Amino acid sequence: EIAWTSSHPQWLVQRWLQLFGEETTRALCASNNHPPHAAVRVNRLKIGRDQLLSQLLRDFPAAARSPLSEQGIVLPGGHAAGTKWFAAGYYTIQDESSMLVAPALAPRPGMRVLDACAAPGGKTTHIAELMDNRGEIVACDIHPHKQRLIEQQAERLGLTIIKTMVCDAAELAEQGLGLFDRILLDAPCSGLGVIRRKPDLKWNKQPADIARIARLQYQLLTRLAPLLAPGGLLVYSTCTIEPEENQLLVERFVAEHDRFQLDRSLARDLPAVVSDACDAGRGYVQILPHQFASDGFFIARIKRTGD
């Protein structure tokens, strides 16, 4: 009945009923049928959030501070990419859930950071802003045409510490890059947290797709982890809500790799509203689309112990 009334595949609804129960599944499916609102991340190196908000209110009367990000502004209606403020590099268009990833990485000025699956560069540029544009970020993507997307974002925002390269993330360990203080693996995933943005996606997936991509994700995580310096932090994130790609995967990784552990202090770098609702105490959070009217997202923080 839920599948029929909410226009979702039967297998997916049954899967969610087992995982989340009826009430949450109904809320999930209803949320997936609501169009997403626009949100932007203020470039803190150029302008403060309240200062930009006061200017945006002239063209976007419903603009408001995001509860999920200190740099976020919600922009209902209007064309966020068509403004003079966007052209001047005052903000980046980014979903609110996605804005949580860079702060979870806890980057500091002067660090070496690897963003292993970086395109189109939203999280990469956020990391650079949090580093005050000081240090080094290696931003990698497997697709050559996406390298330019990252570079264009950085240029528009006035960021100079991002070095781009084209490489399969699974082969980065062979590139002689040295060790990194921080690594972001924003992994390819089933995308089942962003159905409201891509409604056709739910009809193009099967359970076998989830198992297949989880194998790839685990391979990427195990190959990238040795590039993390002792004491460093690795953030693993996805835009899906499947435990096979998320909680179960990172729990398996730390169980099989004794020099890595889930960092239970993650909550310190998340807004209280998120860590309270999503229980950050295990070193990861699963955000569901209906909780904050944002994308479904998973964020885990893994620490490499001193070797």
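Here is a short tour of the sheet, the helices lying across it, and one glutamate.

A word on ground rules: this is a predicted model, where local features need pLDDT of at least 70, side-chain atom pairs count only at pLDDT 80 or more, and totals for chains, interfaces and linings use all residues. Residues are numbered from 1 along each chain as its sequence is written, and side-chain values use heavy atoms, with hydrogens and water left out.

**The sheet**

Four strands make an open sheet in the order E2-E3-E1-E4, with antiparallel pairing. E2 and E4 stand at the edges with a single partner strand each, so one side of each has no neighbour in the sheet. Helices (H or I, at least four residues) and strands (E, at least two) are DSSP runs, numbered from the N terminus, and two strands pair if DSSP finds at least two bridges between them. The pairings look like this:

| Pair | Sense | Bridges |
|---|---|---|
| E1 and E3 | antiparallel | four bridges |
| E1 and E4 | antiparallel | three bridges |
| E2 and E3 | antiparallel | two bridges |

To find your way across, note that arginine 41 stands opposite glycine 72 in E3, while valine 40 has isoleucine 93 in E4 as its bridge partner. Over in E3, valine 74 faces alanine 64. Strand E1 (residues 38–42) is mostly covered, with four of its five residues buried; buried means under 20% relative accessible area, exposed over 50%, and partly exposed in between (1.4 Å probe, protein chains only).

**The helices**

H4 lies across E1, E2, E3 and E4, running at about 15 degrees to E3. Axes here are lines fitted to C-alpha atoms, for helices over the stretch in contact, and angles run from 0 to 180 degrees between N-to-C directions. In H4 (residues 49–56), the buried residues are Arg49, Leu52, Leu53, Gln55 and Leu56. Seen down the H4 axis, they fall within an arc of 160 degrees (taken from the directions from the axis to the C-beta atoms), so they line one face of the helix. They pack against E1, E2, E3, helix H5 (84–87) and E4.

H7 lies across E1 and E4, at about 30 degrees to E1.

**One glutamate**

Is glutamate 129 buried or exposed? Glutamate 129, which sits in helix H7 (residues 122–130), is buried, with a relative accessible area of 0%. Leaving aside neighbours within four places in sequence, glutamate 129 has contacts (heavy atoms within 4.5 Å) that include Arg41, Val42, Thr92 and Leu157.
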